[in-house]
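Subject: Structure for you to look at

Hello,

Here is the structure I promised to pass on. Please open it first and keep it in view while you read the notes below.

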Amino acid sequence: MTITLLGTMLSYMIATAFTPGPANILALNLAIVYGRKNSAPFIKGLCCGHFCVTYICIIAVYAVNTYLSSVFGVLKYVGGLYVGYLALHTIFSKPLSETENKTPAFGTGLSLQLLNVKIFLYVITLMSAYLIPYLGSFPKIMLSGIGIAGLGCIANITWSVCGDKMQNIFKKYYRQINLVLGIFLLYCAVKILIG
């Protein structure tokens with residue numbers, strides 16, 4: 001792989017990992033609402049899910065390339081509907097009272113990532129455009145999954161830290177912030193479903 005191609009691949013990876021998507025927006029929102037410490041189980045679930053999806057895609061693309069289009073056609077709609085549900089939940093949610101102590105769970109973050117079509121498309125693109133043609137061997141491609149999923153986890157944590165730092169602003173502008181975040185999620189859902 002040439003330096004130019006490596007630079008292109010890394011640019012794609014960084015742009016895709018850090019742009020707003022369902023996981024990044026929810027990491028931001030939950031850290032705003034619950035704080036970074038209380039939303040940590042959710043972020044751990046996101047990271048675990050990112051690794052699971054990355055390796056599912058790597059194995060699937062490498063092993064059964066011809067059958068993926070039908071599988072991802074179904075996942076596209078399931079993921080899009082789930083992200084739409086998350087968007088509506090974000091838009092219409094109410095501020096937590098001081099006595100409520102529900103915190104986002106590991107399983108919620110994990111399930112979000114298992115349905116996050118953005119990750120599936122991201123890894124499939126990396127596999128088909130960069131990894132299989134230039135790395136070739138299955139062990140090298142499996143090793144690259146650590147970097148792929150690791151970058152996604154760094155992006156989720158970054159969005160969570162930003163949310164934690166915005167808690168005071170959020171308390172003041174709760175409805176407006178949730179509306180904007182919900183609209184971003186709706187945009188993600190529409191893009192998943194139609195494109």
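Isoleucine 194 lies in helix H9, which covers residues 174–194; helices here are DSSP runs of H or I with at least four residues, strands are runs of E with at least two, and both are numbered from the N terminus. With a relative accessibility of 68%, isoleucine 194 counts as exposed. The cut-offs are under 20% relative accessible area for buried, over 50% for exposed, and partly exposed in between, using a 1.4 Å probe and protein chains only. The C-alpha atoms of isoleucine 194 and glycine 80 are separated by 9.2 Å, although these residues are 114 residues apart along the chain.

Some background on the file. This is a predicted model, in which local features need pLDDT of at least 70 and side-chain atom pairs count only at pLDDT 80 or more, while totals for chains, interfaces and linings use all residues. Residues are numbered from 1 along each chain as its sequence is written, and side-chain values use heavy atoms, with hydrogens and water left out.

The chain as a whole: there are nine helices and zero strands. Of its 195 residues, 43% are buried. Contact means heavy atoms within 4.5 Å; among contacts between residues at least 6 apart in sequence, 89% join residues at least 24 apart. The chain exposes about 10200 Å², with 71% of that supplied by carbon and sulfur atoms; the areas come from the Shrake-Rupley method with a 1.4 Å probe, and for residues only the protein chains shown count as cover.

Next, helix H2 (residues 22–38). How far apart are the end C-alpha atoms of H2? They are only 19 Å apart, short of the 24 Å that a straight helix of 17 residues would reach at 1.5 Å a residue. The expected span is 1.5 Å times one less than the number of residues. H2 bends by about 90° at isoleucine 32, where the bend is the angle between axes fitted to the seven residues ending there and the seven starting there. Because 12 of its 17 residues are buried, H2 is largely enclosed by the rest of the structure. Those buried residues include Pro22, Leu26, Leu30 and Gly35.

H2 packs with helix H7 (residues 138–165) at an angle of about 40°, and their axes are 7 Å apart. Axes are lines fitted to C-alpha atoms, for helices over the stretch in contact, and angles run from 0 to 180 degrees between N-to-C directions. Among the residues making the contact are Ala27, Leu28 and Ala31 of H2 and Trp159, Ser160 and Gly163 of H7.

Serine 144 is also found in H7. Is serine 144 buried or exposed? It counts as buried, at 18% relative accessibility. Leaving out residues up to four places away in sequence, serine 144 touches Leu131 and Leu135.

Helix H6 (residues 117–134) has 18 residues and should span 26 Å at 1.5 Å a residue; its end C-alpha atoms are 25 Å apart, which agrees. H6 still has a kink of about 45°, centred on methionine 127. Methionine 127 is one of the buried residues of H6, as are Phe120 and Tyr130.

Finally, helix H3 (residues 40–63) and helix H5 (residues 106–114) pack at about 35°, with axes 6 Å apart. Residues that meet there include Phe42, Gly45 and Cys52 in H3 and Phe106, Gly109 and Leu112 in H5.

Regards
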